[in-house]
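Please keep the sequence and the 3D view at hand as you go.

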Amino acid sequence: MSSSELNFPASQNPSSKWRFTWEAQSHVSTLRLILFNTKFKPSSQCNNISINLYVEQSLLTISFFEPEQKPATLIRVPLPRVLIDPESPVHSRAFDDHIEVKLSLLIPVDHPLMSGLDLSEPEGKPASDTLFPFSVNYEMKELSAMEEVHFYCRSCSTKLTRAIRLFNEMPSVDWQDVADNWFGTCCCSFGGISEKLVKEFAKSYSCTTGVCLITGASVIICKEDIVGCEFPEPNRDQTYDSQVNSAETTCLTRDVPCKSEQSRKVCFNYPGAGEVVDEISSGRPIEENIGVKQNNEVAEMVLNGDSSTCMPLKLKDEDNMKSLAGISSEANCHTRNQNDGCCTSNMCEMEKEYELNIELLDKQKIFLKGCLGDAFMLRPSNLSNDVNWIEFLCPKCSSIIGSYPFSSDIAPLDDGIRLYKYNISTCLPICGVNDLFRNYTLERMFTRQLLEAAQDELSFRTVVRDMHTKSPLSQIVLLNPNAWCYSGCCMHDMEPAAKINMYPIVKLLFSANIKGMELEPRKVEEWVTKNQTDEVYMLPSQVTELITNLEMANKMWPPSHMLLQGFYMSSLKR
């Protein structure tokens, strides 16, 4: 039966009421078609189903007879560009809410030979890379090859930055763990080097004008290079009350925000402390006074209640105690030699020399926790009570394009603004052929990190939490990380067959506060504990967009496929 035998006016064409989804699995030579109409029951309303292939026209037709209707109903579906075996039989079956058709393939959709086929996009459409590698090294090479780069808002094409000419890779947020794993943590061997490297990194870390740091999800731009925005300056108006307790010890009260709403005390216990006190009293920030030292150690201490005795901030941390005033490096090493018997005099000399040359500012101490990154899918180990994140908006269209970290005020903590790659472009026109970030989307970035976690942690269950409130917003269960699909509406009778390509997806189950379903925090926490679930923290706007994508993908399936064990069936692009 040819398609020319059954013609319908476009307004009455039954194909417009039907949806289709092509699905295939990696390494499997079977192509499955799911055809459904929410107002139709194929098992009782479709008689004598007939399937016809028109490979030359990239078309498949399904015809059937409805009860008490003479003309046959014809459904036209475009064929994806795959190698179908025309000699193999075609299998079809009618269910209550969909029709299933199975075709045999000569080779699987992910076979290396498929990359040699002509899968170019139709004229006028930019080429799409279905397996974009998201390589930071590749992006650094391409961006560095350009004379200068401006970044643009993907929503309104507004120029966001000044010319950037230098590009570097952002150090891993797990650099502290890496240093410990490489050098160890024992004080007698290379463990001291690990601590020194971590502190040195925190001391030197900063965002520099004209330099772009690249991460897997974002580019980090110095706030001075952002066009059309003014950022608040860090709060440096700190007041100090000088109070000399003795000739050797001086206690200063620094008025800073504190959770206990009590004043912190900073103690200096070394000869010549009075000179520094005079400088601080003159209005200079404390960081300028303690940033450069002579041959003395500076100790930060807290006044212990009503007592006049200055106590260390962290008494339980022996490594922090070694820098306290009145306790020299030699004495500290001698103590450890007596306790452990494993520290050498050479290592003590190295520590002494190092401690004389390093002093961390308050904001640099936050970096010791490795809590800075790009705020995209943070892990529990990267969270800090000292760091919050605020979303950054386009100065023209007010769409969310990035974020930045802040602490006690809303000034950028490290002077760096994170611009997410899925919200920006590297050139005009937006998402054009030369746009290096044209293939970035939130769902593809989320999927990549989801799969990396599944491989590293061997966890196929994830709970997504609000970064601010820590409350659960979505539960995700991976089903199949190696699936391919394409979904759309069936074609009108006179409409030419569209050229379509299947794209790689991850099939999953999810739950969220949608469609009348409310997440119960207690049950979610029980689910997390029972299944050793992986946890990620995201900004609320990111989670909202992610859930929207999951809801849209849920509509690719008939009602019988939408819900499974209390979770919704869905997918995300790889």
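**Briefing: strands, a helix and aromatic pairs**

Strand S24 (residues 534–538) is mostly covered, with 4 of its 5 residues buried; buried means under 20% relative accessible area, exposed over 50% and partly exposed in between (1.4 Å probe, protein chains only). Helices (H or I, at least four residues) and strands (E, at least two) are DSSP runs, numbered from the N terminus. This is a predicted model, in which local features need pLDDT of at least 70 and side-chain atom pairs count only at pLDDT 80 or more, while totals for chains, interfaces and linings use all residues. Residues are numbered from 1 along each chain as its sequence is written, and side-chain values use heavy atoms, leaving out hydrogens and water.

**Strand pairing**

- S24 runs parallel to strand S21 (residues 461–466), and 5 bridges join the two; strands pair if DSSP finds at least two bridges between them.
- In this pairing, Arg465 stands opposite Tyr537 of S24.
- Elsewhere, 6 strands form an open sheet with mixed pairing, in the order S9-S10-S11-S19-S18-S17.
- Its edge strands are S9 and S17 (388–393), each of which pairs on one side only.
- S17 and strand S18 (residues 400–406) run antiparallel, joined by 6 bridges, and Glu391 stands opposite Ser403 in S18.

**Helix H2**

- Val136, Glu139, Met140 and Leu143 are the buried residues of helix H2 (residues 136–145).
- Those residues lie on the same side of H2 because they cover an arc of only 100° around the axis, taken from the directions from the helix axis to the C-beta atoms.
- The face turned away from that buried side carries exposed Asn137, Lys141 and Ala145.
- The buried residues of H2 pack against strands S9 (166–169) and S10 (211–214), where contact means heavy atoms within 4.5 Å.

**Aromatic rings**

- The structure holds 14 aromatic pairs; rings of Phe, Tyr and Trp (its six-membered ring) pair if their centres lie within 6.5 Å, with planes under 30 degrees apart counted as stacked, over 60 as edge-to-face and the rest as tilted.
- Phe231 and Tyr404 have ring centres 5.8 Å apart and planes at 85°, so this pair is edge-to-face.
- Phe231 lies in the loop between strands S11 (218–222) and S12 (240–244) and Tyr404 in S18, so the pair ties together parts 173 residues apart in sequence.
- Both Phe231 and Tyr404 are buried.
- Trp18, Phe40 and Phe64 form one aromatic cluster.
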